[in-house]
Amino acid sequence: MLPAVVKLCCGISYPHLRSMSGLQRTAVAVISKEITQMKHWAQIKHHIGKPAEPKTEVAVSEDQLFYIQHGKEALRKAVSMLEDGEGWKLEIQENNGDVICSKVIPGAGKVFRLEAVLEASLDDLYDLLFVRVENMHEWNPSIQRVKVLKRAGPETIVTHEVSAETAGNLIGQRDFLSVRHSCKEKSCLYLGGAAIQLESFPPQAGFVRAEDGPTCIVIKALDEDTRKSSFTWLLNMDVKGWLPKSIVNQGLPRAQLDFTRHLRKRLSLR
Ligand SMILES: CC(C)CCC[C@@H](C)[C@H]1CC[C@H]2[C@@H]3CC=C4C[C@@H](O)CC[C@]4(C)[C@H]3CC[C@]12C
């Protein structure tokens, strides 16, 4: 716009400029220099300001959006596996009421569903299982380490997890790289997850990297006053490595019972 206006002005003023003399000519020269400088500044501002900001913003949010989408999708798939109540086979029934069932789901293989009732509120469980996920090894000897590698908003994290050498000792130590997504509603909490691959975090020498399929924990408040919650955990894990199926199918529900036992113990300490 500015150059066009300048050109127009020049055109109109050309005959007058030719007949100008002395001071008038100097004044016109100064004004035209000012205009050129203004144009120059506008270009610099445009360069350092606008284009740089959107570029970095887009790069960050695209990356985060990918994890959020991946986590949401995993949670959605896992919850839909739980929603189909048909065809579950009883595996273990504990005296304390904990029940584990299994089901073979096309595409996912054998998955395990643990159902338990915990003496805890949604907030307590959200805090222990999501907010302070890195402290899990302090109360759960099956876990050697959980490290949050990335945060994509308040609900989604990328974690590296290492099980303890003694955990599920039938199966042996594993490490996991997962996206974990949480969704907290008034009386229900969903924790979903699935394995992901990161170039910056390839499988490490000496570790067998297991993969969490779409998996989730659904926690429902049973009673606000007594702080009781129902705890449903869909374990959908490919433990990788060379192991007979019978060993894996014994080890996984065992690991679920151990996890729940340690969680109860931690909750009783409050
Ligand atoms: C059987 C062998 C191979 C593994 C035994 C340990 C298993 C049961 C451990 C290792 C890492 C653990 C996970 C680490 C992190 C989270 C995220 C949290 O928000 C819910 C629990 C959850 C999903 C844990 C569930 C139990 C877990 C999968």
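**View 1. Val99, a residue of strand β2.** Helices (H or I, at least four residues) and strands (E, at least two) are DSSP runs numbered from the N terminus. This is a predicted model, where local features need pLDDT of at least 70, side-chain atom pairs count only at pLDDT 80 or more, and totals for chains, interfaces and linings use all residues. Residues are numbered from 1 along each chain as its sequence is written. Val99 is partly exposed, since 14 other C-beta atoms lie within 10 Å; the rule here is buried at 20 or more other C-beta atoms within 10 Å of the residue's own, exposed at 12 or fewer, and partly exposed in between, with C-beta atoms placed from the backbone. Skipping neighbours within four places in sequence, Val99 is in contact with Gln93 and Glu115, contact being C-beta atoms, placed from the backbone, within 7 Å. Leu149 is another story: 50 residues from Val99 in sequence, and 33 Å away C-alpha to C-alpha.

**View 2. The open sheet, 9 strands across.** Walk along and you pass β1-β2-β3-β10-β9-β7-β6-β5-β4, with antiparallel pairing. β1 (89-93) and β4 (143-152) sit at the edges with a single partner strand each, so one side of each has no neighbour in the sheet. From one strand to the next, the twist averages 20°. Two strands count as paired if DSSP finds at least two bridges between them.

**View 3. β10 and its pairings with β3 and β9.** β3 and β10 run antiparallel over 7 bridges; look for Val117, whose bridge partner in β10 is Ser230. β9 and β10 also pair in the antiparallel sense, over 7 bridges. Asp223 stands opposite Lys228 in β10.

View 4. Axes are lines fitted to C-alpha atoms, for helices over the stretch in contact, and angles run from 0 to 180 degrees between N-to-C directions.

**View 5. Helix α6, end to end (residues 245-268).** Its 24 residues should span 34 Å at 1.5 Å a residue, and the end C-alpha atoms are 35 Å apart, which agrees; the expected span is 1.5 Å times one less than the number of residues. Leu252, Ala255, Gln256, Thr260 and Leu263 are the buried residues of α6. These pack against β2 (99-105), β3 (109-118), β10 (228-235) and β11 (237-238). In the loop between β11 and α6 sits Lys240, a residue other than glycine with a positive phi, near 55°.

**View 6. The largest nonpolar core, 33 residues.** Such a core is a set of buried Ala, Val, Leu, Ile, Met, Phe, Trp, Tyr and Cys residues joined through C-beta atoms within 7 Å. Phe112, Cys216, Ile217, Ile219, Trp233, Leu234 and Leu235 touch the most other members. At least two residues each come from α3 (52-83), β3, β5 (156-163), β7 (188-195), β9 (215-223), β10 and α6. Zoom in on Leu235: leaving aside neighbours within four places in sequence, its contacts are Val111, Phe112, Thr215, Leu252 and Gln256.

Technical notes: Two residues are in contact if their C-beta atoms, placed from the backbone, lie within 7 Å.
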